[in-house]
Amino acid sequence: MLPSSNQRLALSATLLTLVAALAPATAAQAAPAVSPEVARAGLATPDLKALEQALLNTTAAGAPGAMARFSGPDGVVTKAVGVRDTGAGAAMDPKARFRIGSVSKTFSSVVLLQLVAEKKISLDASVNSYLPGLLPDDRITVRHLMTHRSGLADYTNAMFAQTVPGFEAVRNKVFGYQDLVKLSLAEPRTTEPGVAYKYSNTNFVVVGMLIEKATGNKVAKEYDRRIFKPLKLKNTSYVHPATAVKGLHARGYLHPDEAGAPLVDSTEQTVSWAQSAGAVISSPADLNTFTSALLRGKLLSPEMLDAMTTVTPTDTTNTRFYGLGLRRYDLSCGTSVYGHTGTVQGYYTYAFSTRDGRQSLAAMANTSNRGQANTALGGTLEAAFCGTKAAKAMKSPARGASVAPAEVDLPERHAR
Ligand code: REX
C-alpha cells in the first residue's frame with residue numbers, strides 16, 4: 001500500500017512545526033491564524049485569493065457566474081462571482097441550487113452499495129442475473145458498471161454531438177431506462193468486459209435499473225430515504241421528469257453553436273437522458289455535507305467505503321482515478337480528494353472531500369459547453385485543498401490542467 005495522504009500530511013506537518021520553531025519571531029507572527037486542530041492534523045488552509053481567482057478565471061472563460069463553498073475544521077468559506085441569472089442580473093449566490101450532473105452517480109453508488117451490504121445485490125454477479133436478457137453479454141458484472149469497465153457505449157456522445165440542437169431535441173423528452181440502454185446497444189461496445197476504463201452514462205442508467213429491481217421502488221424514493229433524509233439535505237432532490245429547479249437557484253446557460261448568438265437558457269429540462277446517471281439537484285452546502293459524510297463513513301460500512309475508494313487510473317497522468325462511482329484526484333501538494341465532477345447542460349460541478357471527510361469543496365459554474373471554464377473551475381480544488389501552495393501549482397499549466405475531467409474536455413475540443 002502507498003502511504004496515505006494523511007501520513008504524508010502528518011510528516012509535512014512535523015517538518016513545518018520544526019521550521020516554525022526555528023524561524024525568527026517576525027516570520028511566526030506573519031503566519032495565518034490556524035486552529036490547533038488544523039495545525040495538529042497538518043491540514044492546509046484554503047487560499048482564499050486563489051479560490052476567488054479560480055472563479056474569476058471561470059467567468060473570464062465564459063461562465064456567467066461561478067461559486068465555491070469550502071468546509072473544514074476551521075469553518076466554512078464561500079465565494080461567488082458573476083451572476084446566477086443573466087436576465088435579472090442577480091448575483092451568484094452560494095445558497096443557490098443547481099443541477100449537479102454526474103455527481104448524481106456518487107449518490108446512485110451509495111444506494112447500490114447499501115444494497116450490496118444488505119446482500120440484495122452482489123458486486124461481482126452478472127448484471128443479467130438480476131435483469132435477465134438486458135445486456136448482450138453475461139460477463140458484464142455490477143462492478144464493471146460502477147467502474148466504467150462494462151464496454152457499454154455512451155449513448156450521450158451521439159445525442160449531444162451538436163450542443164444546442166442536441167439539447168433542444170431531448171430537453172422535454174421522457175425516456176424509459178430501457179430506451180436509453182437500447183440507444184447504447186445500437187452502438188458497438190467499446191471494450192471487452194472489465195478490460196479498460198471508458199466513461200459511459202449507460203453504466204449508471206443500468207445501476208438505476210438495478211436499484212429499482214432490488215428495492216421495488218423508484219430511485220427517487222431510495223435516494224430520499226437512504227441519503228437525503230438521514231443527512232437532512234433540504235436542498236437536494238431527484239427531479240424526473242418534472243423540468244423546474246425549485247427555490248433559489250442558478251440558471252444554466254449554453255453557449256450557442258454559432259458565435260455571436262445569445263446564450264441559451266437550459267435551466268428547465270427533464271434530464272431524462274441522464275436519470276440515475278445525472279438528474280440530481282443540490283446546493284453547495286448539501287454537497288459538502290454529502291461528500292464529507294460519505295468519506296467519514298456515515299453512509300456506508302467500512303467494507304463498502306473501502307470498495308468505493310479502491311481506484312484504478314483513468315488516464316496516463318497518474319493523478320486521476322476512478323473507484324465505484326467516485327473519482328480520486330491527486331493534487332499537486334500530495335493531498336488526494338474523492339468525489340465527482342458533473343456536466344449537465346448549463347452547469348459544471350465539482351464536489352470533493354479529503355479521505356477523512358474533514359475538508360470538502362463544492363464548486364459550480366452556470367455553463368457547460370466551455371471546456372476552459374471547466375478547467376478553470378477545477379482550479380478551486382488546488383486553491384481549497386492545497387492552500388497557499390496552490391498559487392504556485394496553478395502557475396504550472398501541466399499540473400493546473402490535470403484536475404479537469406478528460407471526459408468533458410475531449411468532446412468539447414472536437415466540437416470547435
Ligand atoms: C452531456 C453533454 C454530458 C453536455 C454528460 N454528462 O454526459 C454526464 C456527466 C451526466 O456529468 N459526465 C461528466 C453538453 C463526464 C462528468 O463526470 O463530469 N456537451 C454540454 C455537448 C458537447 O453538447 N458538444 O456541454 O452541455
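Reading strands and a helix

Biologist: In β14, which residue is the bridge partner of phenylalanine 70?

Modeller: The bridge partner of phenylalanine 70 in β14 is leucine 361. This is a predicted model, in which local features need pLDDT of at least 70 and side-chain atom pairs count only at pLDDT 80 or more, while totals for chains, interfaces and linings use all residues. Residues are numbered from 1 along each chain as its sequence is written, and side-chain values use heavy atoms, with hydrogens and water left out.

Biologist: What joins strand β1 to β14?

Modeller: Strands are DSSP runs of E with at least two residues, and helices are runs of H or I with at least four, numbered from the N terminus. Two strands pair if DSSP finds at least two bridges between them. Here six bridges join β1 (residues 65-72) to β14, and the two run antiparallel. Six bridges also join β13 (residues 347-354) to β14, again antiparallel. Phenylalanine 352 has leucine 361 as its bridge partner in β14.

Biologist: Is β14 enclosed or open?

Modeller: Buried means under 20% relative accessible area, exposed over 50%, and partly exposed in between (1.4 Å probe, protein chains only). Six of the six residues of β14 (residues 360-365) are buried, so the strand is largely enclosed by the rest of the structure. Ser360, Ala362 and Met364 point one way, and Leu361, Ala363 and Ala365 the other way.

Biologist: How many residues of helix α10 are buried?

Modeller: In α10, 12 of the 15 residues are buried, so this helix is largely enclosed too. Among the buried residues are Phe204, Met209 and Glu212.
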